Amino acid sequence: MSDRYGDSTRAVKAVSSQPIPGEPVGPGPVLASAFHLSEDEGSEANTYGRGSNPSWHRLEAALAQLEDAAAALTFGSGMAAITAALRVTAKPGSVLVVPADGYYQVRRYATESLAPLGVTIREVSSEQIYQAAEEADVVLAETPTNPALDVVDLHRLGQICRRRGARLLVDNTTATPLGQQPLSLGADLVVASATKALSGHSDLLAGYAAGSHPELMAALERERLLSGAILGSFEAWLVSRSLGSVGLRFERQCQNALALATALHRHPRIRSVRYPGLPDDPSYAVAVAQMRRFGGLVSVELADAAAVHDLVRRSELLVASTSFGGIHTSVDRRARWGDPVADGFARISAGIEDTDDVVADVLAALES
Ligand SMILES: Cc1ncc(COP(=O)(O)O)c(C=O)c1O
């Protein structure tokens, strides 16, 4: 899509329908498991709901535009998209690199489901990923990582993978395509959860993969058909509907995240803050080079678990929730889920409340 457009315009255009008089401006979901067949067998655009659905196609075309990809495929969740991509790319005998500091259930899937099939799994931190890629067949990078918010230099990693002939998959969940476009930085495939900021209302699960290698996309589509890890057409419609406002929502989330990070940075009750958009964050230089926005997540470390619970209890705006990217500012104490972080480590997901309100609320909750 044209570079002259800003993100909100791109998002609105991506979900716009053809201007056909009498047809809806905002088409509804197509709820169907079976479609009428033709005598001219094989000529039909849709036959059975596990293979294809017009509501997916509309969403997939929009996601492909936002990710600057030739094609996108929707899945029933982010995990469904990621695990399908790993099954298609990591074969018995392959060496697969997964983030040790990224979304924990991806590591679990790799060790519990792929290792027994003969895939060698290397769990490495964002710092170690470049060296590990030198000996890998498939590299899954997550950037910024969830929950520590380290940024991986995708240009550098892409060069290593290309030289070696390894596939580079990038989880773009935390940054979203409005924050960065990994395919233009050297990734072979983007995988992501649309459960978070893209849909943004904490009311559905969805995932997608986007890329421009025809054989990889065809293999993924076949994997989705055979595994059945499809997105319901109602959810596909809900994501398309939400995508039109993602530019506005994400802009406010990023603004609130930066304001929170700035206010909490050096606050006496906060031991440390991570936000890639803070000039003295260790990831700032790489983030500035590859990200258009720094995202809606801020990670902070408080004294202990009780301090995190106190913060939520004393606040009037914060909700305790383990997902992120929704309209509410939310807090998740990540040690609860076994992430390798301190007990008082909390991931804050900035919502779309007024910036001054959310900053004042969090400061008051910390000080009371
Ligand atoms: C970075 C990241 N990738 C993937 C996922 C999985 O997405 P889903 O919950 O939609 O399966 C998550 C979920 O939190 C995530 O944080």
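Figure 1. An oxygen atom of the ligand is 2.6 Å from an N or O atom in the side chain of T195. The view is taken from a predicted model. In G78 the atom concerned belongs to the backbone: a backbone N or O atom is 2.9 Å from an oxygen atom of the ligand. The ligand has 15 residues around it, and those that come nearest are M79, N146, D171, S193 and T195.

Figure 2. The largest pocket holds about 380 Å³ of space. Its lining consists of 21 residues, with M79, Y103, S193, K196 and F324 closest to the centre of the pocket. Helix α3, which spans residues 78-89, is the greatest contributor to the lining, giving 3 residues. By class, the lining of this pocket comprises 7 nonpolar, 9 polar and 5 charged residues. The largest pocket lies between domain 1 (7-243) and domain 2 (246-367), because both domains give residues to its lining.

**Figure 3. The second largest pocket.** About 250 Å³ of space is found in the second largest pocket. The residues that line this pocket are A14, V15, S16, S17, Q18, I20, E23, P24, P27, R58, A61 and Q65. Helix α2 (residues 54-67) provides the largest share of the lining, namely 3 residues. The lining divides into 6 nonpolar, 4 polar and 2 charged residues.

**Figure 4. The largest cavity.** The model contains 2 cavities of 30 Å³ or more. The largest cavity has a volume of about 70 Å³. Of the 13 residues that line the largest cavity, A197, F250, G296, F324 and G325 lie nearest its centre. F324 is also listed among the residues closest to the centre of the largest pocket. The lining of the largest cavity is made up of 5 nonpolar, 7 polar and 1 charged residues. Since domain 1 (7-243) and domain 2 (246-367) both give residues to this lining, the largest cavity lies between them.

**Figure 5. The second largest cavity.** The second largest cavity contains about 30 Å³ of space. P144, L149, T174, A175, P276, F294, G295, G296 and L297 form its lining. One of these residues, G296, is also among those nearest the centre of the largest cavity. The lining of the second largest cavity has 6 nonpolar and 3 polar residues, and no charged residues. Domain 1 (7-243) and domain 2 (246-367) each supply at least three residues to the lining of the second largest cavity.

**Figure 6. H309 in helix α11.** H309 belongs to helix α11, which covers residues 305-314. The relative accessibility of H309 is 44%, so this residue counts as partly exposed. Between H309 and V362 there are 53 residues of separation in sequence, and their C-alpha atoms are 13 Å apart in space.

Note on methods:
Residues are numbered from 1 along each chain as its sequence is written. This is a predicted model: local features need pLDDT of at least 70, side-chain atom pairs count only at pLDDT 80 or more; totals for chains, interfaces and linings use all residues. Side-chain values use heavy atoms; hydrogens and water are left out. On a 1 Å grid over the protein atoms alone, a cavity is a set of points where a 1.4 Å probe fits but cannot get out, and a pocket is an open set with protein on both sides within 12 Å along at least five of seven lines; lining residues have an atom within 4 Å of a point. Grid points are joined across faces, edges and corners, and a volume is the space filled by probe spheres set on the points. Ala, Val, Leu, Ile, Met, Phe, Trp, Tyr, Cys and Pro count as nonpolar, Asp, Glu, Lys and Arg as charged, and the others, Gly among them, as polar. Domain bounds come from an automatic or database domain assignment. Helices (H or I, at least four residues) and strands (E, at least two) are DSSP runs, numbered from the N terminus. Buried means under 20% relative accessible area, exposed over 50%, partly exposed in between (1.4 Å probe, protein chains only). A residue is near a molecule or strand if one of its heavy atoms lies within 4 Å of it. A polar contact is a pair of N or O atoms within 3.5 Å; within protein, one must be able to donate a hydrogen and the other to accept it, and residues adjacent in sequence count only if both atoms are side-chain atoms.
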